[in-house]
Amino acid sequence: MSSEAPFVRVATEDAVTTLTLDSPHNRNALSRRLMAELTAGLAGAAADPEVRAVVLTHAGKVFCAGADLSEATGADPTVGPRGLVDLQRAIVDCAKPVIAVIDGHVRAGGLGLVGAADLAIAGPAATFAFTEVRLGLAPAVISLPLRPKLDPRAATRYYLTGEVFDAAEAARIGLVTRAADAPEAAEVALKELLDALRLGSPQGLAHSKRLANAEVVRSFERDADELVELSARLFGSEEAQEGMRSFLEKRPARWVR
């Protein structure tokens, strides 16, 4: 058994499993290891008959920075996007309601985790941005859970501009369930939701979640393969390679005017 600190900390108490992203070296980016540990944590919660809900949260000032760009190249360019599809689908398919609790920055692929969650609470330090467009990419596979939930005009704006927006705007456009103006308010909002979920029966929660997610599931079944191929093609393009290099080198990409 490895003594290495986990990238996802798991704790279960009072019928709730909390999964905490804790990979500070890469700002909780979606590395293969983090995604594997998160998937395992979800499976453990789903298999525990005493668990009524899952809380997905984070350590540090970043909820999730998106794809781990250090793993963005490989022999099979579909591995990364397919892994993110599978992780998002694991959140959607988990029989227990999943609540994302965010009080930090969320970028690119990290928004897919928020979108896949059933409920989401954003605190005052939360910020969001679809930064893919600035790297020569597009929010491809994360659109699977997000497009059925987001206001279409807002999705168009933020997909195209890559602008940063706050918790209140995230609530307005359907990305999160509730925006809290103070950390204490976020804690109260979470307690209210968890208290309500603890009153639900396992069967009732599972089937109610399935009904609520019907359009999201259809999105995965209809578009997942196409969007995996799109993501892989974009990541492998010369333009995206320039975009990722410019990001890592902290300089403007050559197309910036």
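The model is a predicted one, in which local features need pLDDT of at least 70 and side-chain atom pairs count only at pLDDT 80 or more, while totals for chains, interfaces and linings use all residues. Residues are numbered from 1 along each chain as its sequence is written, and side-chain values use heavy atoms, with hydrogens and water left out.

The structure contains 20 salt bridges, each being a side-chain nitrogen of Lys or Arg within 4 Å of a carboxyl oxygen of Asp or Glu. One of them joins R32 to E71, with an N to O distance of 3.8 Å. This pair links distant parts of the chain, 39 residues apart: R32 belongs to helix α1 (residues 32–47), and E71 to the loop between β4 (62–64) and α2 (79–93). Helices (H or I, at least four residues) and strands (E, at least two) are DSSP runs, numbered from the N terminus. Accessibility is described in three classes: buried is under 20% relative accessible area, exposed is over 50%, and partly exposed lies in between (1.4 Å probe, protein chains only). R32 counts as exposed because its relative accessibility is 52%, whereas E71, at 26%, is partly exposed.

E163 and R157 form a salt bridge whose closest N and O atoms are 2.8 Å apart; E163 is partly exposed at 26%, and R157 is partly exposed at 42%. In the salt bridge between R222 and D223, the N to O distance is 3.1 Å. Here R222 is exposed, at 52%, but D223 is buried, at 12%. Elsewhere, salt bridges with shared partners join E242, R245, E249 and R251 into one network.

The largest pocket holds about 1000 Å³. On a 1 Å grid over the protein atoms alone, a pocket is an open set of points where a 1.4 Å probe fits, with protein on both sides within 12 Å along at least five of seven lines, and lining residues have an atom within 4 Å of a point. Of the 46 lining residues, G66, A67, D68, L69 and F235 are the closest to the pocket's centre. Two or more residues of the lining come from each of α1, α2, α9 (214–235) and α10 (238–248), and α2 gives the most, with four.

The nonpolar interior comes next. A nonpolar core is a set of buried Ala, Val, Leu, Ile, Met, Phe, Trp, Tyr and Cys residues joined through side-chain atoms within 4.5 Å. The largest has 57 residues, of which L113, F128 and L175 touch the most other members; α9 gives the most to this core, with six residues. Leaving aside residues up to four places away in sequence, L175 touches L111, V114, A120, F128, L146, L150, F165 and A170, where contact means heavy atoms within 4.5 Å. Another core, of 13 residues, lies apart from the largest one and includes V16, V55, V101 and A186.

A15 sits in the loop between β1 (8–13) and β2 (16–21) and is partly exposed at 23%. R27 is found in the loop between β2 and α1, and is partly exposed at 42%.

Methods
Grid points are joined across faces, edges and corners, and a volume is the space filled by probe spheres set on the points.
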